[in-house]
Each structure stands twice: as structure tokens, then as C-alpha cells.
Amino acid sequence: MRGMDTSASPLPGPAPAVPASSDDEAQPFPYLGDEALRGPIVRALRRVIDPEVAMSIVDVGLIYQVTAADDRVHVLMTMTSAACPAADAIMDDVERELDQVVPLEHKIELELCWEPPWEPSMISAQGRARLGW
């Protein structure tokens with residue numbers, strides 16, 4: 001796999017606006033940049049499963065924002081808790097899936113953040129239905 005930059009830090013400024021839940025399949029999280037990459041990136045991220053709930057990380061609400069511009073794809077994401085035992089596996093799966101759809105000249109950057117903290121209201125309507133909520 002190509003080199004990937006991962007970092008875990010609180011956001012330097014105001015936290016991104018994260019919808020409580022997003023029922024719009026075409027816009028499950030804020031996306032900025034190259035529209036040609038939007039569909040492949042969203043589909044790739046939907047293939048990554050959070051093993052603790054057996055659901056897509058997109059439906060769990062772990063993706064806060066994706067920016068695809070200037071030969072890079074930057075994914076701002078979180079985990080359900082800072083002590084998430086599946087964090088490394090999820091990050092590896094995100095890299096693997098993006099590596100299949102992002103052009104080789106683009107750098108993949110994963111940024112793990114804790115603000116705003118994840119909460120169950122971030123689960124999509126489809127995810128809540130799967131959980132019986």
C-alpha cells in the first residue's frame with residue numbers, strides 16, 4: 001500500500017458540523033473537492049465495517065468529513081471511544097479500501113479526532129433500523 005499519513009489529535013479550531021444523522025445516501029457526511037471521486041470514496045468507506053456493531057463506519061457515524069483536493073484525500077474520522085479496541089483494524093481497512101479507488105498520485109491522509117465526541121445520535125437512520133432502535 002502507498003504511504004499514508006495518520007494522526008490523532010483534537011481539531012485545532014471549531015469542530016466540523018456533524019449532522020446528528022444523515023439519511024441522504026448521496027451525502028452521508030460533508031464532502032469537499034473532486035466530485036469525480038465522491039462516489040468511489042463513499043462506496044469505499046461504506047465497505048469498511050465496525051466489527052463491534054457489524055455495520056458500515058459510515059452508518060455508525062465515524063466519518064466526519066472527506067476532502068479530496070490538491071492530490072490528497074483527507075478523511076476526518078473518529079471512533080466510538082478513545083479506547084476502541086478495533087481502531088487500528090478500522091484505520092487499516094479504511095486505507096485498504098481507499099487505496100483501491102483513489103488515484104495513485106493522491107496521498108491518503110487519515111485524521112483521527114475526538115471532537116466532537118461520537119455519540120449514538122450520529123448513527124444513520126438505516127443504522128438505527130438495523131439495530132432495532
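## The nonpolar core

In this predicted model, the largest nonpolar core holds 37 residues. Ile41, Met77 and Leu98 touch the most other members. Six elements each supply at least two residues of this core: α1 (35–46), α2 (57–60), β5 (63–69), β6, α3 and β7. Nonpolar side chains tend to be buried together in soluble globular proteins.

Met77 is worth a look in the viewer. Leaving aside residues up to four places away in sequence, Met77 touches Ile57, Leu62, Ile63 and Tyr64, among others. Its contacts also include Ile90, Met91 and Val94. Glu111, Leu112 and Cys113 complete the list.

## Strands β6 and β7

Strand β6 spans residues 72–77. It pairs with β7 in the parallel sense, over six bridges.

Strand β7 covers residues 107–112 and is mostly covered itself. Five of its six residues are buried.

## The whole chain

The protein chain has four helices and seven strands. Along the sequence their order is β-β-α-β-β-α-β-β-α-β-α.

Of the 133 residues, 44% count as buried. Among contacts with a separation of 6 or more, 68% come from residues 24 or more positions apart. The accessible surface comes to about 6,600 Å². Carbon and sulfur atoms account for 54% of that surface.

Methods
Residues numbered from 1 in each chain as written. Predicted model: local features only at pLDDT ≥ 70, side-chain atom pairs only at ≥ 80, totals over all residues. Heavy atoms only, no water. Buried < 20%, exposed > 50% of the residue type's maximum accessible area, 1.4 Å probe, protein only. Pairing = 2+ DSSP bridges. Core = buried A, V, L, I, M, F, W, Y, C linked by side-chain atoms within 4.5 Å. Contact = heavy atoms within 4.5 Å. Areas by Shrake-Rupley, 256 points an atom, 1.4 Å probe, with all protein chains shown as cover.
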